[in-house]
There are 2 protein chains.
Amino acid sequence: MNQSPIQDYYPDEIAVCYGCGRHNPDGLQIQTYWDGTEGICRFTPRPYHAAFPGYVYGGLIASLIDCHSMGTAIAAAHQAAGREPALDSGITFVTANLNVSYLKPTPMGVELLLRSKVRELGEKKAIVTTSVYADGMECVRGEVVAVRIPSRKLDL
Amino acid sequence: MNQSPIQDYYPDEIAVCYGCGRHNPDGLQIQTYWDGTEGICRFTPRPYHAAFPGYVYGGLIASLIDCHSMGTAIAAAHQAAGREPALDSGITFVTANLNVSYLKPTPMGVELLLRSKVRELGEKKAIVTTSVYADGMECVRGEVVAVRIPSRKLDL
């Protein structure tokens, strides 16, 4: 497993994402570790991230799936190209579709584990599937369609 | 249009949702106004809700669609039952599936308008579709499957 999260290699000028930007001090700072076959993310919701008393807010889980799926797609695309992640690698994806199924309520008070796999990886898009576990129990499942774009398109 | 958002009628003990709970001071305080045929929500993202510089974070938009769809389903279910919203009405929905398509980047710095319609409303579930507009331009589209549950199930 790579020692650094893939988000550490997002270019400085665009690393402001509320979900996963390391330069957004108000954000969630979601981190994706790529182990060669899966993207792994661990996140402990804050007490105020509730939906109902004792259960995690679904919109937060959707956000975790979103950013972590992008991170997983970016890591997998580097591997497929035989390249190490780097600030200037120019491999960037954005979300085209986010589909989240809430299988059962996700309990608060435990660290969540997200395991993501790249089901499809092409020149222009990737499809990433994710399972979210709390205490070993799969609570949520997600599928994200990620579209690859030139990173210069984001310098706006 | 009802003068109060539907979230004002969620029972006190469960109104802690990070997205739309009026008793969550750290939350987004999303509000749904029902006009008889559509659910209307207006929300201005904070400066830190960015995805990339100048554009709104997709996870925030997914959260808006999620809570606003629930609010729309709850309002429509009251209307279908010929009842006024009330703290003890016992009509509650939770999200089973959230599907969000990002049609184009959503610009920061403007109020977002969400317009939601109930495509299907049954005894046990509702399907709500939403369009998200920025400056009159449709940027995101969502479809949510909401499942109706007894509100006592949430007193955990």
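Which residue of β3(B) stands opposite A:Leu98? The residue is B:Val100. This is a predicted model in which local features need pLDDT of at least 70 and side-chain atom pairs count only at pLDDT 80 or more, while totals for chains, interfaces and linings use all residues. Residues are numbered from 1 along each chain as its sequence is written, chains are lettered from A and ligands numbered from 1 in the order in which they are written, and side-chain values use heavy atoms, with hydrogens and water left out.

**View 1. Strand pairing between the chains.** β3 of chain A (residues 91–102) pairs with β3(B) in the antiparallel sense, over 5 bridges. Strands are DSSP runs of E of at least two residues, and helices are runs of H or I of at least four, numbered from the N terminus. Two strands pair if DSSP finds at least two bridges between them.

**View 2. Contact and buried area.** In contact (heavy atoms within 4.5 Å) are 34 residues of chain B and 35 residues of chain A. The two chains bury about 2800 Å² between them, 59% of it on carbon and sulfur atoms. B:Tyr18, B:Phe52 and B:Tyr57 supply 23% of the area that chain B buries against chain A, more than any other three residues. Buried area is the accessible area (1.4 Å probe) lost on putting two parts together, summed over both.

**View 3. Polar pairs across the interface.** The rule finds 16 residue pairs in polar contact, both residues at pLDDT 80 or more. A polar contact is a pair of N or O atoms within 3.5 Å; within protein, one must be able to donate a hydrogen and the other to accept it, and residues adjacent in sequence count only if both atoms are side-chain atoms.
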